[in-house]
Amino acid sequence: MSSIQIFSTLASCMFFMGIVAWISYQKTKGETDSKDGYFLAGRGLTGVFIAGSMLLTNLSAEQLIGLNGSAYKFNLSAMAWEVTAGFATIVMALVFLPKYLAGAFTTLPEFLKSRFDDSVRRMTVVLFMVGYGLITIPSVLYAGSVAVLRLFDVPELLNLSYELSLVLTIVMVGSVGALYAIFGGLKAVAVSDTLNGVGLLIIGILVPVLGLSLLGGGDIGAGVDTILNDHTEKLNAIGGESDPVPFGTIFTGMIFANLFYWCTNQYVIQRTLGAKNLAEGQKGVLLSGYFKLLVPFLMMLPGVIAFHLYQGKELPSFDLAYPQLVKDVLPNYMSGFFLAVLLGTVFSSFNSLLNSAATLFCLDVYMPFKKDKVSDKQLIKVAKIASVVIALFSFIVAPLLMFAPEGLWQIIRIFTGFYNIPVITIVLVGFFTAKVPAIAAKVVIIFHVITYGILKFVIEVDINFIHIYAILFVIEVSMMLLIGHFYPREGEIIFKSTGSVNLVPWKYAQPVAITLAALIVQLYLLFSPIGLVDGFSVYYLPCSLTVLLLNIVFCSIVIQRWNRKHAFTNNLSVN
């Protein structure tokens with residue numbers, strides 16, 4: 001890039017980022033002085049901001065580059081992590097969220113204290129804080145910084161070594177991203193996420209469209225024709241054993257991994273805990289599920305296009321497929337906007353994690369230590385200090401990930417496994433049983449950490465790690481139920497509404513959820529051997545119409561039930 005191009009790119013990037021920062025400031029001015037204002041956006045988030053923030057918290061540079069790289073080298077099987085998450089958003093909206101909001105909880109460990117005891121809360125806080133501090137926050141920062149380095153060739157641009165350029169980029173990206181979380185609280189994070197989400201949507205549409213045009217020699221239709229007729233195995237989402245995500249894993253461990261992420265992971269669910277009411281929370285969660293349906297088209301189709309464009313040219317790494325395509329199709333005047341969007345996705349995940357880590361520390365470590373005798377002003381001050389300390393710690397850890405012998409993705413995969421399954425296990429058992437005691441949760445946490453560590457580091461087990469998730473989940477649920485049977489908790493557990501949040505559900509939550517599930521099935525039918533792979537078979541249309549008919553029937557049933565229920569309630573209130 002020439003000096004003029006570099007200057008225009010940076011100037012336009014700063015302009016777009018400045019707009020996001022200004023709007024975020026205007027939306028949060030004077031609203032972060034209280035505990036609920038800082039940590040839960042004053043419990044005033046609407047569906048649009050919840051959906052935008054949840055989506056951008058989840059989608060970052062790792063997905064943008066990693067999913068396209070997977071599509072370039074393999075096929076669309078990796079879309080399972082994103083698309084099937086729609087089922088988890090349904091469970092969150094209809095099952096978990098009403099219980100969370102009824103108790104007006106601020107953190108997941110706070111709920112676990114209410115259901116079990118304070119020791120369980122402390123143990124889960126340790127799991128989350130260690131996971132966030134040592135791997136999740138540094139890995140998000142590292143992956144985003146590597147993406148910036150790859151796309152804009154920072155070492156050559158600044159005439160520095162790769163290692164020094166990476167450290168510099170990590171510090172710069174992390175410092176700017178931390179500002180939203182430290183000074184704006186959750187609402188600033190949610191507002192900036194939503195605005196960056198609009199930018200991601202624009203880029204997500206623009207890159208594949210321009211890529212199809214390049215593939216078709218200026219004709220988008222010709223590009224589409226090439227995708228649909230040449231190497232159609234690239235469009236297969238039904239993964240085999242040698243693919244990144246074997247299809248069978250969707251029905252085992254992936255269910256629980258997605259439930260953990262979308263229903264119990266503090267830095268994701270914190271947006272929903274700040275919902276204005278249950279209806280707005282359900283709208284936001286379900287809308288984020290619908291956005292996940294766009295992932296194959298916006299975040300994997302470019303990888304397939306890159307395969308057709310660059311096959312035979314051998315890119316140095318399949319993770320470079322998307323950056324190379326962007327360089328080839330985006331005009332120079334769009335590079336600044338793309339950089340702003342890319343950084344926005346990095347900032348989103350980073351500052352969301354930072355805000356949630358500070359929330360966990362303040363509300364589940366600092367306040368109990370002070371015996372809850374802390375003013376809101378003091379608590380917010382501690383949160384800002386904690387955010388700075390956590391950010392500085394991540395600046396130190398993130399560059400070390402370049403020396404990980406098994407690579408970034410493997411490191412994330414291994415260490416997330418230490419806490420995702422025990423957390424979702426104790427939350428589910430806590431929700432749906434009343435007699436299981438706190439000792440059962442403690443036993444499961446200790447058992448999982450030891451057993452998972454042995455399976456990953458001591459014993460060589462030839463089982464896909466996603467299947468291991470499912471096996472451990474079944475064992476740990478059984479352990480908790482057995483302990484509850486032989487050593488039941490005394491007294492009943494009843495979750496009562498605090499009255500802080502309006503808990504009237506959204507009228508269309510169930511039909512919208514059913515339609516989301518139907519669309520996930522339709523997507524898998526489309527990207528399968530009976531769909532686009534090798535051309536549509538005679539089975540595609542009957543299967544698709546059956547799913548459509550079942551969707552209509554089930555939606556009609558739940559709407560009629562709603563109308564009857566509320567007609568009866570209205571009659572009682574009139575009488």
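This is a predicted model: local features need pLDDT of at least 70, side-chain atom pairs count only at pLDDT 80 or more; totals for chains, interfaces and linings use all residues.
Asp 118 itself counts as partly exposed, at 24% relative accessibility.

Asp 118 also meets the side chain of Arg 122 in a salt bridge, with a distance of 2.6 Å from N to O. Here the spacing is 4 residues within helix 8, which again means a separation of about one helical turn. Arg 122 is partly exposed, at 44% relative accessibility. A network of salt bridges links Asp 118, Arg 121 and Arg 122 with Asp 364.

## A pair in helix 14

Over the whole structure, a search finds 6 salt bridges, and one of them joins Lys 283 to Glu 280, with the closest N and O atoms 3.3 Å apart. Since Lys 283 and Glu 280 are 3 residues apart in helix 14 (residues 278-292), about one helical turn lies between them. Lys 283 is partly exposed, with a relative accessible area of 31%, whereas Glu 280 is buried, with a relative accessible area of 17%. Side chains of opposite charge can pair when their charged atoms come close.

Glu 476 belongs to helix 22 (residues 465-486) and counts as buried, at 0% relative accessibility. Leaving aside residues up to four places away in sequence, Glu 476 touches Ile 421, Pro 422, Thr 425, Val 444, Phe 447 and His 448.

Ser 165, which is found in helix 10, is likewise buried, at 0% relative accessibility. With residues up to four places away in sequence again left out, the contacts of Ser 165 are Leu 149, Val 154, Pro 155 and Leu 160.

## The second largest pocket

The second largest pocket holds about 520 Å³ of space. Its lining is made up of 20 residues, and those nearest the centre of the pocket are Leu 10, Val 148, Met 172, Leu 339 and Leu 343. By type, the lining residues comprise 18 nonpolar and 2 polar ones, with no charged residue.

Several helices contribute to this lining, for helix 1 (3-28), helix 8 (118-152), helix 9 (154-158), helix 10 (162-215) and helix 17 (335-369) each supply at least two residues. Helix 1 provides the largest share, 6 residues.

Key. Residues are numbered from 1 along each chain as its sequence is written. Side-chain values use heavy atoms; hydrogens and water are left out. On a 1 Å grid over the protein atoms alone, a cavity is a set of points where a 1.4 Å probe fits but cannot get out, and a pocket is an open set with protein on both sides within 12 Å along at least five of seven lines; lining residues have an atom within 4 Å of a point. Grid points are joined across faces, edges and corners, and a volume is the space filled by probe spheres set on the points. Ala, Val, Leu, Ile, Met, Phe, Trp, Tyr, Cys and Pro count as nonpolar, Asp, Glu, Lys and Arg as charged, and the others, Gly among them, as polar. Buried means under 20% relative accessible area, exposed over 50%, partly exposed in between (1.4 Å probe, protein chains only). Contact means heavy atoms within 4.5 Å. A salt bridge is a side-chain nitrogen of Lys or Arg within 4 Å of a carboxyl oxygen of Asp or Glu.
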